[in-house]
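Dear colleague,

Please find below the structure that I am handing over to you, together with its sequence. My findings follow it.

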Amino acid sequence: MATLSALCIANAATDKKTPPGDFYDEVSRLNKVLSEVNRKYVENVNPTELTDAAINGIRNILDPHTTVFAPKDYESLRVSMEGKFGGVGITISLRDNILTVISPLSGTPAFKLGIRAGDRIRKIDGKETKGMSLDDAVNKLRGKIGTDVTVAIEREGVPDLMDYTITRAEIIVHAVPYYGMVTPEIGYIKLATFSDKTTSDVENAIRGLQKQGMKKLILDMRYNPGGLLNQAIEISELFLKPGNVIVSTRGRTQKTESASRRNPMLKSDVPMVVLVNQGSASAAEIVSGALQDWDRALIVGKTSFGKGSVQTIFPLDNAGNALKLTTAFYYLPFGRCINKPENGIKGLTLQDDEYDDEKEAAKTDSVKADTAKRDTFYTNNGRMMFGGGGITPDVDVELDPMPWVVQVQERMAMYFKFAVKIRPSLEKAGVKVNSEWTVPDSLFTQFKAFCKKDTNFMKVKSNALVGVDQLEKSIIREQNYMGDSAKTISDSTLVKRITEMRKALEDNRDAQFEANKDYIKDGIKRELLTAFVNDSVSTAFSLKRDKQLNEAIKYLSDMNLFKKSISAPAKKKGAAKPKK
């Protein structure tokens, strides 16, 4: 691991910095300042606000991952790590500034009582939700297991509010929201986070897929923000051989190395692809990087986020305040540092005799000039990898740009809103929405009309339409500047051209509906499947359109292509000796 070099070593500053003073002298100075402000400032200062301001000032010279948690925030962090809490079992969001049920979780109290996607929560325990923040609503719905909460629901097609008294139960947030077969041989696991239950969830998914005849696997960690380090290690152990190094950490006060200590659950002859993108971070990067270093899986997608710093939580008091402090960096098995310098910390000088030569090298101008370059590393097979942060995929798959109208529809949840509105009439007509059902053209036409009647949707303009508005204003300003204030754009011969341009762009909006008819129909079906069946069926349907997933399927379906992509190159030059 002598090649760690400047990847995670601090860049020497080009400007002069204040020389460090004695730590305790400086703390004493800070205490004196706070004390004088508290005693003599012209107005009373809230001590909590003063302390928070001082803490935020400290964070400004550290990194964005270092923070102090108030008791409420610390509890939220604990819930996300444990993956369970007392609640009713619904995913909620604000739609048109109204608290709306996005989806009830299968098997939960809300699901059993019949609360459905699209229901609008107008009251919680008798209190109006208008103006209530999403966080406040979540806090009111969560609570001690066995206690009751009453919600008043507004539902499309039902004239009166519907009152539900829901008894809270333990809600478990699964780290694997979906798994299934994408071809008769290829299994697929969506891994969303690394919490206490992640390893058991993945193990259950693997067993379920094996029962369905899985011979190859796709592990999807796109938009996985990471989580617990021990879970990243345990997930890696499911696929790597005993003794394979998974990750090491290096910091001023810690130095660790973790290797696989068990036989893999999935044998090495089962081909694997891991999907990552710019939203894959931390623990997700450890797993994908370890599997890439040992040539256990082909990485497909886009370069990951590059969050390779280690945070440790230190309780500060008995009230629940805690410090989350960055204490080290992650390194992959053969020396790559995961962290991108722009993602928080540029690097740190490691207090370890093993790195004395690198500390000295970091002081030289030549090293400073090379810090922007990407260092070279090699996988176990001798495939060349590049450092500099993040996991660079073996197969880069750029997603096609989404047309403007479709972007607006997705951003404004138009498919969801339409599904909520149309569901009662479909139920009344006895329409059976399932994976084999096809969206009729008549429903597409209704959706188009639905969008055009939506005031907020129609207010959103393309960049080209915004440009026409700016052009019109510019012409008016120029006329006024030239002293021709009596004339307006409506008097000008340019008005005809402006009007024609605007009409052409509005017509283009209509044309985009027709040009993206298949996508729009899929969006309608996706939301109706969620409403009529469940999230799993909806997810399985949506995956068919997934370009990066289809690329993974292509490589796993052609073993010659897969082996060529993951095998050693014809000639191996200067490869670093793998650490076994």
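**Two loop residues**

Asn-97 lies in the loop that joins β3 (90–95) to β4 (98–104); helices (H or I, at least four residues) and strands (E, at least two) are DSSP runs, numbered from the N terminus. The model is a predicted one, in which local features need pLDDT of at least 70 and side-chain atom pairs count only at pLDDT 80 or more, while totals for chains, interfaces and linings use all residues. Residues are numbered from 1 along each chain as its sequence is written, and side-chain values use heavy atoms, with hydrogens and water left out.

The phi of Asn-97 is near 65°, a positive value in a residue other than glycine. Ser-282 likewise is not a glycine and has a positive phi, of about 55°; this residue sits in the loop between β15 (272–276) and α8 (283–293). Are these two residues buried or exposed? Asn-97 counts as exposed because its relative accessibility is 70%, whereas Ser-282, at 5%, counts as buried. Buried means under 20% relative accessible area, exposed over 50%, and partly exposed in between (1.4 Å probe, protein chains only).

**The chain as a whole**

The chain has 580 residues, of which 42% are buried, and its secondary structure comprises 20 helices and 21 strands. Of the contacts (heavy atoms within 4.5 Å) with a separation of 6 or more, 71% are between residues 24 or more positions apart.

The average pLDDT (the predictor's confidence in each residue, from 0 to 100) is 84, and 83% of the residues score at least 70. Residues 1–16 stay under 50, and the model has 44 contacts beyond four places in sequence for them. Residues 572–580 also stay under 50, with 18 such contacts.

**Helices α17 and α18**

The axes of α17 (residues 517–532) and α18 (residues 535–543) come within 7 Å and cross at roughly 160°. Axes are lines fitted to C-alpha atoms, for helices over the stretch in contact, and angles run from 0 to 180 degrees between N-to-C directions. The two helices are therefore roughly antiparallel to each other, a term for angles over 145 degrees.

Which residues make the contact? From α17 they are Asp-522, Lys-525, Arg-526, Leu-529 and Thr-530, and from α18 they are Asp-535, Val-537, Ser-538, Phe-541 and Ser-542.

Yours sincerely

Definitions and conventions. Parallel < 35°, antiparallel > 145°, perpendicular 65-115°, else oblique.
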